[in-house]
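I shall speak about how the parts of one protein are arranged and how they meet. Please look at the structure as I proceed.

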Amino acid sequence: MKSNTAAPSDTDNRTTRLLQAPILPLLLTMAWPNVLIMCAQASTGLIETWWVAKLGTDALAGMALVFPGVMLMQMMSAGAMGGGISSAVARALGAGRRGDANALVWHALLINGAIGLLFSLLFLLFGSPLYRFMGGDGAALAAALEYSNVVFAGTLALWLMNALASVIRGTGNMLFPALVTCAGVLLLIPLSPLLIFGFGPLPGLGVAGGGVAMVLFFVGGALAMLWFILSGRCVVRLSRTPVAWRYLRDILHIGLLSSITTVLTNIIIAGATALVALGAGMQAVAGFGTGVRLEYLLVPLAFGIGAPLVVLVGTNLGAGQQERALRIGLTGGLVAFVATEAIGLSAALWPEQWLRLFTHDPVALVTGADYLRIVGPTYGFFGLGLALYFASQGAGRLRWPLIAGLLRLAIALGGGWLALQLSDSVNAVFYALALAMLVYGLLIALAVWRRSWFSAAARPATPTISSPSPAPVER
């Protein structure tokens, strides 16, 4: 249903479409290339895991130790800070402030570049004690450090690639980043085994070869995104304006809060990995790490739906269309729930079909299957919460997603540790993880449905969402 609120006169046709087109077809049209890009990007880790698994259980366990950190970088650069970038660009375009949108491109590169360098330094200096804390030792720890040092030496390229991709998505263009990422994955398929095992005179680099292939993927993607913006094909331009706090604030006030939520998600996985190592040893960690990779695939799927929600909600709120923005968020949450719940139920019914792609170790298979059977049926609530978290980025209101993330952390790790002490079974940890997902999704959905995005003065007296409200958006 089209809104009666007119788009600003200086917005382009793309922005007008975001403000007026029917919601569900618009969301699905924008989501499918973004789902493609995120699944393709996540598949880079799966491709490497499949090849590294052929090096043995120690190498697979080593990658399981590093994987939460790698996913933290991808989720923070694309989903957290990237969401802040897309939201800021979308709100500026929705309000007709094209000059501000151009200035945000340069500030996005500065922010992501600085954060990327910081994390690179942290993981290179403190990777060893971190992986030891997670239960790594012996050959598994050696493999983890070999892979980690290569990936985090080049993580700056990942942050720059996702800064530029987020700018492009903020204009409503989901297709070009998807094409670039898919092209990179196609190149990664032969490149990873070539660097891991070698060919002819080219020596194999072992587990480090997977890291080199990943870094080359990041560099190529960053160059392609930069070319698209500099070529004039993008709605916004790269403008080297003087650094201004108002532009930094537009990105950081969403991106930093979102980063807290992202860090919490990865702390849960890292902490659960440590609990599994404590309760069942490193072979079980290999199985849990393989099973939890399917959970990590939910993140790009939810992000594929959530990134359009950032743009749609931000653009509509920038234009004063509050009720349309709320309806968009709830519709996207429902779509994400259906998609991720289907994956979770399939994993719970047929767990070994997934696990045997990576390992045949009997202990790893049992642990991974137990995890998927217990946690898989709650995947839909994780997807629901993530989609509405992205929608809340577009609204600039992240209090309830942050509260839900902290509560999920407490239930997953605090409850998991207590359950492990009482039962002496890692399955107790998995039940705590499942309960944490359920609470996370339901709490965010309830908060959004009760209009937590809007101030009390801006909320309508009745729960109808049929007409837009002209109240200003809180910044």
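In this predicted model, the centres of domain 1 and domain 2, taken over C-alpha atoms, are separated by 20 Å. The contact draws 53 residues from domain 1 and 54 residues from domain 2. As for the bounds, the domain assignment gives residues 20-243 to domain 1 and residues 253-452 to domain 2.

Let us turn to the interface itself. The size of an interface is often given as the accessible area lost when the parts come together. Here, domain 1 and domain 2 bury about 4,200 Å² between them, and 77% of that area is on carbon and sulfur atoms.

Which parts of domain 1 supply the side that touches domain 2? Helix H2 (23-52), helix H3 (57-94) and helix H6 (155-170) each contribute at least two residues. The largest share comes from H3, with 23 residues. Sorted by class, this side of domain 1 has 35 nonpolar, 15 polar and three charged residues.

How many salt bridges cross the interface of domain 1 and domain 2? The rule finds zero. Polar contacts across the interface come to three residue pairs, with both residues at pLDDT 80 or more.

I now consider salt bridges in general. Side chains of opposite charge can pair when their charged atoms come close. The count in this model comes to four salt bridges. One of them joins the side chains of Arg246 and Asp100, at 3.2 Å from N to O. Arg246 lies in helix H9 (residues 245-280) and Asp100 in helix H4 (residues 98-133), so this pair ties together parts that are 146 residues apart in sequence.

Finally, I come to the aromatic rings. A search of the whole structure finds 11 aromatic pairs. Among them is the stacked pair of Phe176 and Phe228, with 4.1 Å centre to centre and 20° between the planes. Because Phe176 lies in helix H7 (residues 175-197) and Phe228 in helix H8 (residues 207-230), the pair ties together parts that are 52 residues apart in sequence.

Terms used: Residues numbered from 1 in each chain as written. Predicted model: local features only at pLDDT ≥ 70, side-chain atom pairs only at ≥ 80, totals over all residues. Heavy atoms only, no water. Domains from an automatic or database assignment. Contact = heavy atoms within 4.5 Å. Buried area = accessible area lost by both parts, 1.4 Å probe. Polar contact = N/O pair within 3.5 Å; in protein donor to acceptor, adjacent residues only side chain to side chain. Helix = DSSP H or I, 4+ residues; strand = E, 2+ residues; numbered from the N terminus. Nonpolar A, V, L, I, M, F, W, Y, C, P; charged D, E, K, R; others polar. Phe/Tyr/Trp six-rings, centres within 6.5 Å; stacked < 30°, edge-to-face > 60°.
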